[in-house]
Amino acid sequence: MFRYRVSTFSGKENPTTPHFYVLSKGLNAGKPLDKPCPNCYLVCTEFEENRHLFYWLCFALWKSGYFKKHLVGSVIPFLRINDLRVSLQIVGKHYP
């Protein structure tokens, strides 16, 4: 099992472990990013290999439209942090 942490990005923290960001609002919610933006989540991992794996896992889920069914909100679609955590946990658990 891979160890990772998903949290809301506030702009105050400066993570020292391998990390990437995931967009939380808009029609592109779930898209992984290398640089932070105002509406994103922070995903921290223990090792660079795990960061690379989860980054491309998020990219594949976003590109395939997996996160669209989890979007809530009538004006600005929003991806809840718990939905992102559960999605990564389910898919990461089945990775060989």
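Q: How many bridges join β1 to strand β4, and in which sense do these strands run?
A: Five bridges join β1 to β4 (residues 40–45), and the strands run antiparallel. Two strands are said to pair if DSSP finds at least two bridges between them, so β1 and β4 qualify as a pair. Within this pair Y4 stands opposite T45, and T8 stands opposite Y41.

Q: What kind of model is this, and which pLDDT limits apply?
A: The model is predicted: local features need pLDDT of at least 70 and side-chain atom pairs count only at pLDDT 80 or more, while totals for chains, interfaces and linings use all residues. Residues are numbered from 1 along each chain as its sequence is written, and side-chain values use heavy atoms, with hydrogens and water left out.

Q: What makes β1 and β3 edge strands?
A: The open sheet has four strands in the order β1-β4-β2-β3, with antiparallel pairing. β1 (4–8) and β3 (32–33) are its edge strands, since each pairs on one side only. Strands here are DSSP runs of E with at least two residues, helices are runs of H or I with at least four, and both are numbered from the N terminus.

Q: Which strands does β2 pair with, and over how many bridges?
A: Five bridges join β2 to β4, in antiparallel sense, and two bridges join β2 to β3, also antiparallel. V22 stands opposite Y41 in β4, while Y21 stands opposite L33 in β3.

Q: Why is β2 called largely enclosed?
A: Buried means under 20% relative accessible area, exposed means over 50%, and partly exposed lies in between (1.4 Å probe, protein chains only). Four of the five residues of β2 are buried, so the rest of the structure largely encloses this strand.

Q: How do you know whether β4 is covered on one face or on both?
A: On one side C40, L42 and C44 are buried, and on the other Y41, V43 and T45 are buried, which covers both faces. In total, six of the six residues of β4 are buried.

Q: How does α1 lie relative to the strands?
A: α1 lies across β1, β2 (19–23), β3 and β4, and runs at about 15° to β2. The angle is taken between N-to-C directions, from 0 to 180 degrees, using axes that are lines fitted to C-alpha atoms, for helices over the stretch in contact.

Q: What puts S24 in the buried or the exposed class, and which residues does S24 contact?
A: S24 has 4% relative accessibility and therefore counts as buried. The residue is in the loop between β2 and β3. With neighbours within four places in sequence left aside, S24 contacts A29, N39, C40, Y41, P77, F78 and L79. S24 and N39 are 15 residues apart in sequence, and their C-alpha atoms are 5.6 Å apart.

Q: How do you know whether L88 is buried or exposed?
A: The relative accessible area of L88 is 1%, so L88 is buried. L88 is in helix α2 (residues 81–93). Its C-alpha atom is separated by 9.4 Å from that of L61, 27 residues apart along the chain.

Q: What makes a space a cavity, and how many of 30 Å³ or more are there?
A: A cavity is a set of points, on a 1 Å grid over the protein atoms alone, where a 1.4 Å probe fits but cannot get out. There is one cavity of 30 Å³ or more. The largest cavity has a volume of about 40 Å³.

Q: Which residues line the largest cavity?
A: The lining consists of L27, A29, W62, G65, Y66, F67, K68 and L71; lining residues have an atom within 4 Å of a point. Six are nonpolar, one is polar and one is charged.

Terms used. Contact means heavy atoms within 4.5 Å. On a 1 Å grid over the protein atoms alone, a cavity is a set of points where a 1.4 Å probe fits but cannot get out, and a pocket is an open set with protein on both sides within 12 Å along at least five of seven lines; lining residues have an atom within 4 Å of a point. Grid points are joined across faces, edges and corners, and a volume is the space filled by probe spheres set on the points. Ala, Val, Leu, Ile, Met, Phe, Trp, Tyr, Cys and Pro count as nonpolar, Asp, Glu, Lys and Arg as charged, and the others, Gly among them, as polar.
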